[in-house]
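Welcome, and thank you for taking a look. Below is a short tour for someone meeting this structure for the first time.

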Amino acid sequence: MKQIRVLIAKPGLDGHDRGALIIAQALRDHGMEVIYTGLRQTPEQIAQAAVQEDVDVVGLSSLSGAHRSLFPKVIEALKSKNAEDIPVIGGGVIPSEDIAFLEEKGVKKIFTSGASTDLLAHYIKGLVHSEKVLESPKKISHIGIAVESIDQSLPFYEHMLGLALDMVEEVDTEKVKVAFLSIGESRIELLEPLSEESAIRKFLNKKGEGIHHIALEVDSLEERLLQLKNEGVPLLNEEPKQGANNSQIAFIHPKGANGVLFELTKHVKGSEE
Amino acid sequence: MKQESQFSHVKQEWEKETEKTTERFPERKKDFKTSSDIPIDRLYTPEQESDSYIDKLGFPGQFPYTRGIQPTMYRSKYWTMRQYAGFGSAKETNKRFRYLLEQGQTGLSVAFDLPTQIGYDSDDPMAEGEVGKVGVAIDSLADMEQLFESIPLEKVSTSMTINAPASVLLCMYIAVGEKQGVPSEKLTGTIQNDILKEYIARGTYIYPPKPSMRLITNIFRYCQENAPKFNTISISGYHIREAGSTAVQEVAFTIANGIAYVDAALQSGMDIDQFAPRLAFFFNAHNQFFEETAKFRAARRIWAKIMKERYHAKNPKSWKLRFHTQTGGSTLTAQQPDNNIVRVTLQALAAVLGGTQSLHTNSRDEALSLPTEESARIALRTQQILANESGIADTVDPLGGSYYVEHLTNEIERKAMEYIEKIDTFGGAVQAVEDGYMQREIHQTAYDTQKRIEKKEEIIVGLNQFELEEEVNPDLLKVDETLEANQKERLTQIKASRDLDKVQDCLDRLGKAARNDSENLLPYILESVKAYATVGEICNVLREEFGEYTGI
């Protein structure tokens with residue numbers, strides 16, 4: 001992947017650059033190339049530098065209260081150089097009521113005091129990579145159905161519906177036993193809890209047996225998670241975790257998906273399909 | 001026995017000084033006692049009299065001043081409660097000043113906006129968006145007159161946070177005094193005037209180091225002759241700490257800068273005891289309570305030794321490190337801002353136990369914006385509660401003799417001296433600043449601190465532990481958005497109403513004087529401000545002559 005290039009800039013006359021310098025170093029530690037403008041840059045100079053340095057993102061820092069007038073001016077200056085595709089983010093001493101104003105003026109996101117540098121780095125990675133349109137999910141990988149007992153449920157699927165049993169497996173990390181049955185290019189996954197702490201047990205207690213989740217197969221799971229996170233979609237897993245059958249998986253929170261629990265799954269090489 | 005005689009000799013000196021002091025400044029009460037009627041002595045000393053006590057701690061008001069610079073400290077007079085304030089227009093700030101004075105504040109401290117601090121008029125394109133934001137906008141003497149309207153300058157002492165254009169604002173203050181009928185000899189106050197820490201940490205520099213140092217020594221000399229009660233510099237560790245340094249780095253770099261100013265003044269031909277008594281310091285009060293108290297005590301001892309032993313100053317006033325303290329702005333959190341009141345209280349306590357001469361307590365909402373009037377009042381009340389209710393001011397240096405505090409004091413002195421010696425080998429602070437040495441050291445500490453906080457190795461309540469899911473948004477101060485336009489309008493009117501030939505003549509003469517290294521620029525600047533030349537016009541003349549510093 002190409003190295004991300006970031007311009008960190010101090011618009012206006014503010015001399016507080018502790019935050020800007022820390023962020024510059026933290027982003028470098030995350031493998032990005034960072035250009036720091038130094039103090040006292042006009043919006044015009046910042047836009048000029050962003051274009052000349054061909055950066056992927058511009059980060060503005062102001063602690064003097066001038067953000068309301070200067071941040072939007074940087075966006076205008078980028079526009080006038082036909083560089084409005086370079087996203088601008090900002091930080092500093094910025095009251096929460098100004099955040100909506102700045103976002104309306106085109107600032108992508110404001111990070112205020114207390115935000116972690118890791119969060120910022122992930123955000124930037126997501127922002128830059130989301131410019132690439134990710135491929136649509138390829139298929140429904142499987143539909144998960146919560147059951148009290150696989151042994152008792154299996155005869156219905158095998159003999160009444162006539163589906164072929166692929167495999168039965170215990171997933172220790174999730175404290176579940178799963179059975180996969182093939183149906184065309186997809187599968188049905190029966191999930192039986194193995195302990196009281198299992199999420200499936202809780203689901204059964206609350207709702208009884210039934211459809212638990214729908215799993216979509218995707219490429220580039222990490223990038224997709226970053227993109228979803230940056231779009232504000234609530235995630236149950238921000239990082240991929242190990243799923244059944246040597247896959248990488250992550251769940252989207254049902255409150256962001258009309259009450260449906262979606263699993264994103266990526267089959268890694270060597271895993272059985 | 002020799003040991004006892006040295007101890008009792010110094011003790012007698014202290015008692016004599018105490019008598020003299022209490023005649024001029026009687027103690028606040030005849031008898032101090034605790035709630036249980038236990039009498040409180042002025043000072044407590046070790047049971048065993050020893051030379052090492054005299055060497056390291058001594059008596060308050062006596063070399064090396066570890067225990068304080070006055071013999072009775074706060075038994076006579078509390079520290080000066082001096083809240084830094086200023087925003088928007090001179091008229092608005094004047095209103096806040098008068099409010100603070102009515103509320104029992106005992107000194108003024110002016111915050112200027114960034115254009116003023118960097119020598120730009122409000123109508124300069126560089127000033128856009130910054131006018132009146134972090135302080136008051138001052139363009140010409142007319143603004144300064146309005147700023148101090150109905151505030152008698154012979155009665156208040158005024159601290160001004162102004163560095164690169166310190167000479168201009170000082171001259172404006174002198175001119176306002178003249179108009180009020182107060183001669184410059186009677187003015188009291190402080191200008192920050194500490195350019196080295198601007199290059200290191202704060203960023204409001206204009207000119208390169210060499211001409212900047214000239215302006216500073218010009219001020220030293222001018223004030224010695226014309227405003228002898230004015231503190232000509234406030235050598236500041238505050239911003240070094242805010243930029244992320246440790247306590248040791250704060251003391252070390254500040255004192256290294258102090259040494260550079262002393263060297264510059266000596267080089268300009270002044271005698272050490274002519275200017276050293278008017279040097280003042282400004283430190284941060286951070287979170288680690290005992291280390292902070294120890295820091296102030298160590299700083300006094302280091303400076304006293306340097307002035308006496310390295311520079312052979314004779315006047316004891318030259319040995320005394322007098323300092324202002326502000327609680328640590330960067331320790332405040334935007335999350336759960338009311339928690340900041342507690343942080344500020346602890347920091348203020350450390351400053352008082354460290355023997356500060358004056359104190360600014362930050363307001364709870366400063367991680368979000370400039371303080372509201374209510375927040376500023378709570379901050380002032382915090383000091384008033386410490387002074388009037390806690391009893392901490394009833395005996396001198398109450399932590400003196402604590403094994404722990406004395407150990408920390410010794411260690412801070414030792415580690416700071418290592419830095420100071422290292423900076424000496426570079427050729428002094430000016431050289432170290434130009435090489436970026438101090439900047440790099442501070443940045444490394446700041447980065448390490450950030451990483452520790454993110455890994456939760458350092459806990460900040462409300463930020464990385466004990467968080468609230470929903471933060472409540474407090475009411476914040478809003479600086480009037482029409483202010484910039486109004487200030488520009490006002491400036492246009494003033495520019496139109498002056499005698500333009502006279503302004504031009506003054507500025508020409510200033511430029512000519514700037515080209516001659518042996519001229520003191522202050523009289524020329526004073527003449528210019530009286531002709532209503534603006535801060536920007538004066539600074540631009542000097543920009544033309546001196547060039548601009550562009551960072552490293």
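Predicted model: local features only at pLDDT ≥ 70, side-chain atom pairs only at ≥ 80, totals over all residues.

Strand E7 (residues 164-171) of chain A runs antiparallel to strand E8 (residues 176-183) of chain A, and the two pair over seven bridges. Four residues sit between the strands of this hairpin, and A:Lys175 there has a positive phi near 55°.

Now let us step back to chain A and its domains, listed here.

| Domain of chain A | Residues |
|---|---|
| domain 1 | 5-129 |
| domain 2 | 139-267 |

How far apart do the C-alpha centres of domain 1 and domain 2 of chain A lie? The distance is 40 Å. Six residues of domain 1 of chain A and five residues of domain 2 of chain A make up the contact. On the domain 1 side, the touching residues are two nonpolar, three polar and one charged.

Residues 139-267 of chain A also carry the annotation "domain: VOC" in an unreviewed UniProt entry. This span is 23% helix and 42% strand, with its end C-alpha atoms 12 Å apart.

Finally, the two chains meet: 30 residues of chain B are in contact with 25 residues of chain A. On the chain B side, helix H4 (114-117) and helix H18 (437-454) each supply at least two residues. H18(B) gives the largest share, five residues. By type, this side of chain B has 14 nonpolar, eleven polar and five charged residues.

Conventions: Residues numbered from 1 in each chain as written. Chains lettered and ligands numbered in written order. Contact = placed C-beta atoms within 7 Å. Nonpolar A, V, L, I, M, F, W, Y, C, P; charged D, E, K, R; others polar. UniProt positions renumbered as here; feature names shortened; annotations may be inferred. Pairing = 2+ DSSP bridges. Domains from an automatic or database assignment.
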